[in-house]
Amino acid sequence: MFETIRWDGMSMLRQFLQDQSIQNQPTKIIYQYIFQNGLVSRAEIIEKTNLNRGKVARSLKELLEKNYIQVEGLGDSEGGRPPALYQVNPVTSFLIGIQITRWETKMVLYDLLLNKIDEKTIIMLPNHSPMFVIDEIKNTINKFMKSHLIQVEDILGIGIGAIGPLDSEKGTILQSEPFLPMSWGQIPVVDQIKEEFPIFVKLDNAANTIVLGESKQYPAFQNILNVTVGWTLGSGAIHNGKLLKIESGDIAGYGHIVIHMDGKPCYCGKKGCMTAYSSLYAILERIKECSPAFYLEKLKGFSPVDQISHIVAEHDQMTKEVILDSAKYIGVGVANLATIFHSEIVIVNGPLISQFPGYYEEIIQQASLHMNDQGKIQFRQGNFQRDPGTLGAAMLVLDSFLGE
Ligand SMILES: [Zn+2]
């Protein structure tokens, strides 16, 4: 990671992928096939794409000459010379994945095969206005480009996953409620980033980008549920291999399934939502009630990152009870969602999952108690430290250019 990359050649991959002319289509189909299937031989490409031999040979020559693909080894010989295996050249274009949440904004530069090249994180503080954060995003992308000798036309696109509510079509973050400063409402984040980088920029709900990023680790599964316990509760699902898109997110999201009739009021206006019991916000409110001295000394006024680290480090008994109690509600919600979506694998994500002892185990135990066929469902701790959100955001860009 972090090595400097230079590939001597004009990277116009974006134009090639956007070229809709009839003569470009066979070459594009072949490039897409290689991209989606990794190391492949010419015989396999001919068989799977149904393109004729001559066309495949000409297209492979063109793709090799343009450096869009490379020979990455030899396949098994069936008597004659072993066949060359082709793979996309991962540094003909780059991707930026960004995740904006209440506690941090993370930016990662990836190559085309989603290897991480560089990264930067800004811890969100109460005085971080949208203007500040968007300027930091622009500065960071410029620094990535400078450090790795990348031009703006070498970047295929920028994907952003953010906590909602948001309008993914307009590229706007709609409400400031989940953020710290109140100035986060109605922020046209896509337009503002495009002003500096006039390329493809896509905003989506972090619930979608995180489950996309997690799914990359579990290619064998078609039905995946991710629940992220953050300031709000973000849940995303992949059903039959396709992302079940949550458009605006948050209030429309799965965190607002009712798990307690006539329960606690939720900020969405209903009562008894899963979010009202188990989000970090709900946990903090409960600590305030049950352990006011601890709240005043260790949590009030601190940044969200510090609040989490104090909760983990201080071993306050009442706090522990509050957190493990909230895990029970998540377990019930997870059981309901996994039943609805026929999930084969359930991933639980968030800063407390890996850090707070017993929390994940309690969620899984409760989820199992409330499912009929728990034996069929696998549970995993999310890869929160490995940034599924930025990875999924970069995958949004790839899907737009190279999806089926
Ligand atoms: Zn609600």
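This is a predicted model: local features need pLDDT of at least 70, side-chain atom pairs count only at pLDDT 80 or more; totals for chains, interfaces and linings use all residues.
Let me start with a distance: the centres of domain 2 and domain 3, taken over C-alpha atoms, are separated by 25 Å. In the contact itself, domain 2 takes part with 17 residues and domain 3 with 26 residues. For orientation, the domain assignment of the protein chain gives domain 1 as 13-88, domain 2 as 94-211 + 389-402, and domain 3 as 220-382.

Now to the area of that contact. The size of an interface is often given as the accessible area lost when the parts come together. Here, domain 2 and domain 3 bury about 1,800 Å² between them, and 66% of that area is on carbon and sulfur atoms. On the side of domain 2, Trp103, Asn208 and Val211 supply 36% of the area buried against domain 3, which is more than any other three residues supply.

What about charge pairing and polar pairing across this interface?

As for which elements are involved, strand 10 (200-205) and helix 7 (206-215) are the ones that give two or more residues to the side of domain 2 that touches domain 3. The largest share of that side, four residues, comes from helix 7. Sorted by class, the side of domain 2 that touches domain 3 has ten nonpolar, four polar and three charged residues.

Let me stay with helix 7 for a moment. Is this helix enclosed or open? Ten of the ten residues of helix 7 are buried, so the helix is largely enclosed by the rest of the structure. The N-terminal end of helix 7 is capped by Asn205, which has a side-chain oxygen 2.8 Å from the backbone nitrogen of Ala207.

I turn next to the salt bridges, of which the structure holds ten. Side chains of opposite charge can pair when their charged atoms come close.

In the pair of Lys106 and Asp387, the side chains meet at 3.4 Å, N to O. Lys106 lies in strand 5 (residues 104-111), whereas Asp387 lies in the loop between strand 15 (378-381) and helix 15 (388-402), so this pair ties together parts that are 281 residues apart in sequence. Lys106 is buried, with a relative accessible area of 11%, and Asp387, at 6% relative accessibility, also counts as buried. Both residues belong to a network of salt bridges that links Lys106, Lys116, Glu119 and Asp387.

In the pair of Glu65 and Lys61, the salt bridge is 3.2 Å, N to O, and both residues lie in helix 4, four residues apart, about one turn of the helix. Glu65 is exposed at a relative accessible area of 57%, and Lys61 counts as exposed at 53%.

In the pair of Arg286 and Glu289, the side chains meet at 2.9 Å, N to O, and the two residues, being three residues apart in helix 9 (residues 280-290), are separated by about one helical turn. Arg286 is partly exposed, with a relative accessible area of 32%, while Glu289 counts as exposed at 55%.

Finally, a word on backbone angles. Most residues other than glycine have a negative phi, and most peptide bonds are trans. Asn50, however, has a positive phi near 60°; Asn50 is found in the loop between helix 3 (42-49) and helix 4 (53-65), and is exposed, with a relative accessible area of 69%. His315 likewise has a positive phi, of about 50°, although it is not a glycine. The place of His315 is in the loop between helix 11 (304-314) and helix 12 (317-341), and His315 is exposed, with a relative accessible area of 68%.

Conventions: Residues are numbered from 1 along each chain as its sequence is written. Side-chain values use heavy atoms; hydrogens and water are left out. Domain bounds come from an automatic or database domain assignment. Contact means heavy atoms within 4.5 Å. Buried area is the accessible area (1.4 Å probe) that two parts lose on being put together, summed over both. Ala, Val, Leu, Ile, Met, Phe, Trp, Tyr, Cys and Pro count as nonpolar, Asp, Glu, Lys and Arg as charged, and the others, Gly among them, as polar. Buried means under 20% relative accessible area, exposed over 50%, partly exposed in between (1.4 Å probe, protein chains only). A polar contact is a pair of N or O atoms within 3.5 Å; within protein, one must be able to donate a hydrogen and the other to accept it, and residues adjacent in sequence count only if both atoms are side-chain atoms. A salt bridge is a side-chain nitrogen of Lys or Arg within 4 Å of a carboxyl oxygen of Asp or Glu.
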